[in-house]
Amino acid sequence: MTREERRHKLESFGSAPALLSAALRQFPKKMWLYKPSTERWSIHETILHLADSEASAYIRCRGFIAEPGNPVLQFDAARWAGSLGYYHQSTREALEIIRRLRKMTYHLLFTLAEPVWQHRAHHPSQGSMTLEDWVENQERHIPHHIEQMKQAYEIWLRTHPPRKPATPSARPSVAPRMVAINAGI
């Protein structure tokens, strides 16, 4: 990857929390707990997952830099979601965690010397990878979940269509007697 390509990836990586906040404004809060199916997460759960994932990424990134060659910290996202009571946790606080940790990691990555980008670690599901590979994966993580949220919203809209406002022709007309009373007749 060239330096220009890396800079572009880092900019995308760094702007992901703002992208997430903008996407969330599209979805009514009343549907954030809606689950399209039992296997899929609600928007609320996805936000909490992203916070846990960001905390893990914060540590993983530093491991690549400070301890190359070591295994990458792994966590079972589905198990965490089921065990940590996501339903009872604050999405506002989770979004703040995402924003702050991503910002710190983004600033750290911009300071790295060229050789550090080739530091390797062993990822349990992806094998040996460089820090550069890892950043590419992380850069896609939040946008991937935003797409899942959009799909959940589309399903929710099909099953919860918005109410149509009353049209003027559908309103009952004022009875003639009421007009006479109001006119003082």
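**Salt bridges and cores**

Mentor: R99 and E96 form a salt bridge, with the closest N and O atoms 2.5 Å apart. Keep in mind that this is a predicted model.

Trainee: Where do R99 and E96 lie?
Mentor: Both are in helix α4. They sit three residues apart, about one turn of the helix.

Trainee: Is R99 buried or partly exposed?
Mentor: R99 counts as partly exposed, at 38% relative accessibility. E96 is partly exposed too, with a relative accessible area of 28%.

Trainee: How many salt bridges does a search of the whole structure find?
Mentor: It finds 11.

Trainee: Take E114 and R6. What is the N to O distance in that salt bridge?
Mentor: Their side chains meet at 3.0 Å, N to O. E114 lies in the loop between α4 and β1 and R6 in helix α1, so the pair ties together parts 108 residues apart in sequence.

Trainee: And R6, buried or exposed?
Mentor: Buried, with a relative accessible area of 7%. E114 is partly exposed, at 33%.

Trainee: What about R102 and E54?
Mentor: Those side chains also meet in a salt bridge, 2.8 Å from N to O. R102 is in helix α4 and E54 in helix α2, so this pair ties together parts that are 48 residues apart in sequence.

Trainee: How much relative accessible area does R102 have?
Mentor: R102 has 1%, under the 20% cut-off, so it is buried. E54 is buried as well, at 3%.

Trainee: Switching topic. How many residues are in the largest nonpolar core?
Mentor: It has 21 residues. L20, L24, F27, I43 and M149 have the most contacts inside it. α1, α2, α4 and α5 are the elements that give two or more residues to this core.

Trainee: Which helix gives the most?
Mentor: α2, with five residues.

Trainee: What does I43 touch?
Mentor: Leaving out residues up to four places away in sequence, I43 touches L24, F27, M31, W32, Y34 and M149. There is also a second, separate core of 16 residues, including L10, V72, W117 and V135.

Trainee: Last one. Where does α5 bend?
Mentor: At H141, by about 30°. A proline, P143, follows within four residues.

Trainee: And how far does α5 reach?
Mentor: Its 29 residues reach 43 Å from first C-alpha to last, close to the expected 42 Å.

Notes:
Residues numbered from 1 in each chain as written. Predicted model: local features only at pLDDT ≥ 70, side-chain atom pairs only at ≥ 80, totals over all residues. Heavy atoms only, no water. Core = buried A, V, L, I, M, F, W, Y, C linked by side-chain atoms within 4.5 Å. Buried < 20%, exposed > 50% of the residue type's maximum accessible area, 1.4 Å probe, protein only. Contact = heavy atoms within 4.5 Å. Expected span 1.5 Å × (residues − 1). Bend = angle between axes of the 7 residues up to and from the residue. Salt bridge = Lys/Arg side-chain N within 4 Å of Asp/Glu carboxyl O.
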